[in-house]
Every structure is written in structure tokens, then in C-alpha cells.
Amino acid sequence: MSTHTGAPRRAPAAFALAWLTCAVMALTGTACGGGTGGAPVRSPVQDLVSRGTVPGAAKLSQDAHGVAGFRTAGVSDVRTGRRIGLTDRFRVGSITKTVIATVVLQLVAEQRLGLDDPATAHVPAGTAALLRDNAETSENSHAHGTALADGAIRNTDNGDITIRQLLNHTSGLFSYTDDRAFHRDFFGTGFAAHRYESHDPGALARTALAHPPYAPPGARYRYSNTDYLLLGMVIRQVTGHAYATEARRRVIEPLHLTGTSFPGTRTGLPSPHGRAYTGSLDVTELNPSAAGAAGEMISTLPDLNRLLGALLKGELLPPRELRLMRDTTASRGRYGMGLYPVRLPCRRTAWGHDGAINGSYVRVLGTVGGGRILSYRVNGDGGPGGGERRLLGEEFCGGG
């Protein structure tokens, strides 16, 4: 979920020094280490904090033996100076897509849905009609003979978009979050006036489908929040239940993810939680229906580690469907189905997803088989900056 906002403003100076301190709560009992001469070793988590844009950061790592380490820097609340807690709830943005993709692939494994089914067969009639109209626009606006991405499959029925193409972002559909008016109201100058408004998935789809597609179905990879908005509709049409209901039944409850929820239109965060910031503006409360199946989920660092670890170990999907999640052929190595690869500094590869929504950036990554898992987050729009690469090197490459 795109979260670009206006230029950040300076945060209160009273916490400038606090932002540069390191707070440690290691589940192994390990505290901040010492350098030569007793000087403290600077944690990469400290480099995720940035004055004026990112007040606080935290990471939780877990190795193959279940040994975990939790570390924070900065503050979760610039007013009170409260530190980030291990079980703090926060918005995870597009990591929601990993859960949605898992539910869809479970339905594929159950033969209730086909990857090459046309999306129009599994969404409400009104949205299906808009998709057909958009497909005609695509045929008329793009040059004939566009080469398909390697491995992508294009339906011959009027260029119909398939479930596969929604999952791997080769549908070509315009992302509703790129609409100028939506972007202004949810991420820009209109946020204060519109932050509590509810958004219906059908209306968001109309916003997206009023724009010409980026490309014909299957022609190329382009990340689009519209793809997973539609997959939320697909889950409802196939199961008769909302995507949030199916996610709870199939993923959240079996894994005992006690800090994970789909808030719907609820504007607050469950306790405990810190605050979220766009510059100096507190954006903790907002109506997440604007993100929907593309990014509404709330979670915790322990839950994200448990989720990705279970997924990569094969606890949620059969082997075939899990392999499909990591098949990046259609995107030329950039995205699978709800997971993407990250090339590590030591030339290894981790798998996971990131998420960004107003005042929150988070990422969860793991090795194939789930032997090593890392999740980390910041409570601002500034993103993790240059400290991210150092953090990944320390966690996955033995400090390399």
C-alpha cells in the first residue's frame, strides 16, 4: 500500500537524544553488547531511527532453534517518551497481501478455485462488467502483439485477467492508490479531512477501473493494490464469507496469532500500542477500509515471525502451492504470489514482504524452510533508510 506523504516536519526537540538511545529486551536475556574499551556497540536498529521522520524502530529475530532477540531504538510516543513494546500492535500495510495470497492458494489447493480462472467469474457482477470494459480499453490503447512476461498466461476470452495474474501483479490493472484524488485524500493534504471515511471495495475498484490499464493482462509485472482488492472479492464470492473471516479461520486462529486482526472500519489500534507519525502529525487513528484486502491488517512482531515461519515451513500450504508463492518467473525475479525475494548482502536470498501505511513501515523476511526469521518496523513514513542493509547483513549474513 503506497504511503507517500508530504514533506515531514521536525519532531519535538525534547526527544532528540532519546531517539539516539538503544533499548534492549532480548528474549535470550542478552542486553546491549560492549565494544572495545567498554563502549556500547551501535545496533543497526538505531540506524532505522531518523530525527523528524522516524521516532522509533524495533526488530525481532528468531533462529532455527527458536532463540529470539528483540531490540528497539527511539520512542513509540514522542509526547510521553514511551518505548516500543514487544507485543505492541501496529498497522502492517501490504503484508496483508501475504495472508490474502495464502487464503487464495488454499482455495486453489482445495480445487474451489483455478489459477487460470478468469477473475470476472469470481467477482460481483458490477465489478466483472467494469473489468470487461477495462479489458477493451487495454486492447484499444496498447499496441497489438505485446509480448507476454515469461511464464505469464493470458486468457483468450476478451483478454480476461486471471487469478494467477492478480496474485503475481501481472494483471496490468491501474492501482487505485495511484489515483490523484485518492492519493491526496488518504496520503496527502486531504488526509486530516478524510482520515475517518469508510471506503467500499466496489467503489475503490471503480476508481481503479476508471483509468486505462498499465498494460494488457500478462504483458508485464507492475505492483498494483487493485489486484489484491479484487482477490478480497474473489474470496467472498468463492467461500460466501468476507476475506477477513476466512483469514481468521484459516490463518490467524490456527497459528494462535493473538495480536493480529482485520479492523475493517475501526479507526483505532488494539492495546497495547504506540503512536504512528507522518512528520510531526500523529496519524495513529484512521479508517483502514481504504486499504482493505491490500493492506488493512494489524499485527505484532512476534505474530509476523510466527506467520512467515509457519508459511515457509509448509504449515499453511501444500508443497505445490508453496512453490507457486515463490515462483517469480512471470515478474522476472521480482515477485511471486504474496511473497518476494530479497537479495542479501552476502548473496543469499530471503523471502517475505513489506508493508507501508500512514505512519508505519514494516518488513518480515525469512530463509527458505523458515530456519531464520526477522521482522522489523518503524513508526514513521521515513522508511528504514540506509540502516536496513546493515540490519539484514547482521541478521542473515553473520554481520557481513
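Q: How do you know how the lining of the second largest cavity divides into nonpolar, polar and charged residues?
A: Ala, Val, Leu, Ile, Met, Phe, Trp, Tyr, Cys and Pro count as nonpolar, Asp, Glu, Lys and Arg as charged, and the others, Gly among them, as polar; by that rule the lining has 7 nonpolar, 4 polar and no charged residues. This is a predicted model, in which local features need pLDDT of at least 70 and side-chain atom pairs pLDDT 80 or more, while totals for chains, interfaces and linings use all residues. Residues are numbered from 1 along each chain as its sequence is written, and side-chain values use heavy atoms, without hydrogens and water.

Q: What makes a space a cavity?
A: On a 1 Å grid over the protein atoms alone, a cavity is a set of points where a 1.4 Å probe fits but cannot get out, and lining residues have an atom within 4 Å of a point. With points joined across faces, edges and corners, and volume taken as the space filled by probe spheres set on them, the whole structure has 4 cavities of 30 Å³ or more. The second largest cavity holds about 50 Å³, and among its 11 lining residues Asn-134, Ala-135, Ile-161, Leu-173 and Pro-217 are the closest to its centre.

Q: Why are helix 1 and helix 8 called roughly perpendicular?
A: Their axes, lines fitted to C-alpha atoms over the stretch in contact, cross at roughly 80°; angles of 65 to 115 degrees count as roughly perpendicular, and therefore the label applies to helix 1 and helix 8.

Key. On a 1 Å grid over the protein atoms alone, a cavity is a set of points where a 1.4 Å probe fits but cannot get out, and a pocket is an open set with protein on both sides within 12 Å along at least five of seven lines; lining residues have an atom within 4 Å of a point. Axes are lines fitted to C-alpha atoms, for helices over the stretch in contact, and angles run from 0 to 180 degrees between N-to-C directions. Helices (H or I, at least four residues) and strands (E, at least two) are DSSP runs, numbered from the N terminus. Angles under 35 degrees count as roughly parallel, over 145 as roughly antiparallel, 65 to 115 as roughly perpendicular and the rest as oblique.
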